[in-house]
Amino acid sequence: MSTETLEFKTEVNQLLDLVIHSLYSHKEVFLRELISNASDAIDKRRYESLVNTELIRSSEDGKIMITADKVNGTLTISDNGIGMTRQEIVKELGTIARSGTTEFLKSLKDRDIKDNPELIGQFGVGFYSAFMVADKVTVISKSALAKDDTAIKWQSEAKGDFTIEDTQKPAIGTDVILHMKKEEENFIDEWEIKTLVKKYSDYIAHPIVMEVEREKDSSLDKSKKVKVKEEEVLNSMKAIWLKDKTEINEGEYNEFYKHISHDFSDPLKVIHYKAEGTSEFTSLLYIPSMLPFDIYFDKFKTGTALYVKRVKIMDNCEELLPKYLRFIRGVVDSSDLPLNVSRELLQNNRQVDIINKNLTKKVLDTLGDMKQKEADKYEEFFKTFGKVLKEGVHFDFNRREAIADLLLFKSINTDKDKFIYINDYIDNFKEGQEEVYYITSTSVAEALSSPYIETFRDKGYDVLIMLDDFDDIIFNNFEYKGKKFKSVVKGDIRLDNKEEADKKKETTQKYKKLIDMIKERLIDDVKDVRLSGRLKDSPCCLVSEENALDPAMERLLMTMGKEVPKSKRILELNPDHPLIVAMERVFNDNATSERLNESIKLLYDQAVLLEGGKLKDPAAYTKTVAKLMAASLG
Ligand code: ADP
Ligand code: MG
């Protein structure tokens with residue numbers, strides 16, 4: 001087949017643009033990325049040859065070869081891994097298959113990522129990092145899965161397109177040839193390469209080999225030296241997780257994290273843990289310090305890498321940790337699983353279940369420890385990953401209280417920059433208080449000015465402020481140590497003492513006729529009208545029934561295009577508010593007064609606005625308000 005020219009997808013061009021023009025400060029990571037790809041390819045070939053017996057060519061010992069050619073100005077990274085077919089090479093090196101990529105890259109452009117390269121670190125520039133140092137990259141690959149003997153050549157100068165053509169390559173695997181930029185030729189230096197491999201890729205389990213020139217005694221004349229070329233293995237291949245904790249320093253832990261995560265920033269926490277007994281495994285887990293931009297997307301790669309007896313099985317094994325801990329990165333090395341363990345087998349495997357249980361406990365315990373001993377660091381963790389962790393309250397029934405213990409909340413009585421734990425909230429229950437009150441809101445300020453908390457504040461009750469979209473789904477019906485969570489925007493609220501309750505009965509009697517009339521007028525919009533137990537300063541509010549969907553949740557679902565059953569709300573009135581008192585007076589004078597009628601409509605519209613809803617007829621509302629304002633101004 002002749003040469004074909006194909007365009008990069010938009011997001012690839014965007015990424016290349018950032019990589020080439022903004023990432024100067026971290027150029028050297030290109031080698032780490034290419035070696036990491038070579039190593040992955042070797043692991044994949046080995047794994048496939050065990051699991052997928054259709055694979056024609058079996059695996060040989062993995063080897064990564066670096067060839068520095070100063071004469072031609074090229075640096076080549078070769079592997080004998082799985083290789084790529086024509087189709088694969090077009091897809092893998094021409095597109096980016098991560099949800100939200102375009103939005104993320106766009107958002108980066110506006111910021112100064114030259115000073116904050118770690119922002120792109122969370123993306124993992126991968127293969128494209130080659131273009132930081134090379135103005136042309138040639139990839140020659142022969143797939144272990146190919147039926148015939150052809151190889152494929154991919155080539156690009158990162159100017160919007162790439163070419164592919166058939167070619168010849170004797171061995172299976174991939175050569176990545178970097179035609180180095182003039183100013184980056186220092187990377188072709190033997191010593192430089194050795195240093196970089198030691199620094200970033202020492203843990204790679206396959207030998208990274210380079211041909212080096214050595215001076216040796218001549219065999220003919222012992223007094224003379226001759227130059228010979230020899231292959232030298234540059235990495236120690238030691239699995240860091242198998243070393244003893246005391247043998248590893250922080251720098252090594254951090255470098256390994258960067259190697260597996262492709263992150264540019266240091267991790268927030270290292271969890272190095274060996275399990276012995278019913279299950280034998282070693283794990284080296286990390287809590288990153290930055291939130292991956294795509295963590296809320298379905299396609300987000302969950303899970304740590306899985307090794308069996310030091311051999312890598314896969315990069316992201318979803319079964320090792322629950323989804324609500326998907327921010328954890330790291331490796332798990334099991335001694336019990338078979339080497340040819342398939343993905344299907346992992347799903348219902350007792351050993352895997354035990355590992356999952358163990359690791360979950362270990363991570364939650366570590367977080368608990370951090371919360372106690374490193375409060376500031378914990379707060380930092382929680383601000384980044386708390387929302388993800390919180391999912392566990394909903395999905396992990398058995399650990400829901402343990403997870404709730406780890407959550408930080410804002411509340412109406414908590415200082416602006418502070419958080420409280422659920423335990424503290426319960427310790428400060430008012431006498432007779434039985435439920436944990438919460439309000440869902442988009443900001444603390446909004447919650448604090450909400451009419452729904454007026455009486456709570458007045459009577460000295462605290463109310464938790466829930467700021468994340470899905471909080472109501474998580475906490476509606478949640479019970480913590482026998483205490484039920486209750487949303488202050490739903491159901492009836494009774495905070496009155498006996499005396500107040502008696503008085504309320506009386507007031508209800510007094511307002512009965514007015515309430516009945518309002519109910520009749522608003523029959524299409526509300527389900528019921530009643531006097532409120534939660535209002536202090538506002539005249540009215542709308543509330544949902546105890547088990548109804550939270551109004552904020554309703555709106556969220558609607559913006560997501562979901563069908564939401566329309567539920568009518570209950571209109572609550574504050575009998576102590578001058579407006580309600582006045583309405584009652586007018587009602588007694590003339591129940592059919594046009595002004596009273598207008599007031600009822602306005603009252604309802606105000607309640608809709610207060611809960612953050614949209615008016616059905618904003619024009620009519622404004623007209624009436626303007627009329628009233630004009631009248632009051634004389
Ligand atoms: P990642 O490694 O995170 O998937 P990269 O940008 O580093 O992302 O690489 C993209 C893809 O290109 C890899 O997933 C792999 O499928 C393919 N690839 C890159 N280098 C090689 C290689 N040396 N051998 C086989 N496939 C490779
Ligand atoms: Mg990669």
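Select Leu50, Val51 and Leu339 to begin: these residues form a nonpolar surface patch of about 200 Å². Areas follow the Shrake-Rupley method with a 1.4 Å probe, and for residues only the protein chains shown count as cover.

The model is predicted: local features need pLDDT of at least 70, side-chain atom pairs count only at pLDDT 80 or more, and totals for chains, interfaces and linings use all residues. Residues are numbered from 1 along each chain as its sequence is written, chains are lettered from A and ligands numbered from 1 in the order in which they are written, and side-chain values use heavy atoms, leaving out hydrogens and water.

Helices (H or I, at least four residues) and strands (E, at least two) are DSSP runs numbered from the N terminus. Leucine 50 has a relative accessible area of 38% and is therefore partly exposed, the class between buried (under 20%) and exposed (over 50%).

Now move to arginine 326, in the loop between β13 (311-317) and β14 (329-334). Is this residue buried or exposed? Arginine 326 is buried, at 6% relative accessibility. Display its side chain together with that of glutamate 391: the two make a polar contact at 2.9 Å. Such a contact is a pair of N or O atoms within 3.5 Å; within protein, one must be able to donate a hydrogen and the other to accept it, and residues adjacent in sequence count only if both atoms are side-chain atoms. Beyond neighbours within four places in sequence, the contacts of arginine 326 (heavy atoms within 4.5 Å) include Ile295, Tyr296, Phe300 and Val388.

Two backbone sites follow. Most residues other than glycine have a negative phi. Alanine 158, in the loop between β5 (151-156) and β6 (161-167), has a positive phi of about 60°; this alanine is buried, at 17% relative accessible area. Histidine 262, in the loop between α7 (250-261) and β10 (269-275), has a phi near 65° and is partly exposed at 22%.

Finally, zoom out. The C-alpha atoms fill a box of roughly 125 × 55 × 45 Å along the principal axes, and buried residues make up 50% of the 634 residues.

How values were computed:
Patches are made of residues with over 30% relative accessible area and no salt bridge: like charges are joined within 9 Å, nonpolar side chains (Val, Leu, Ile, Met, Phe, Trp, Tyr) within 5 Å. A salt bridge is a side-chain nitrogen of Lys or Arg within 4 Å of a carboxyl oxygen of Asp or Glu. Buried means under 20% relative accessible area, exposed over 50%, partly exposed in between (1.4 Å probe, protein chains only).
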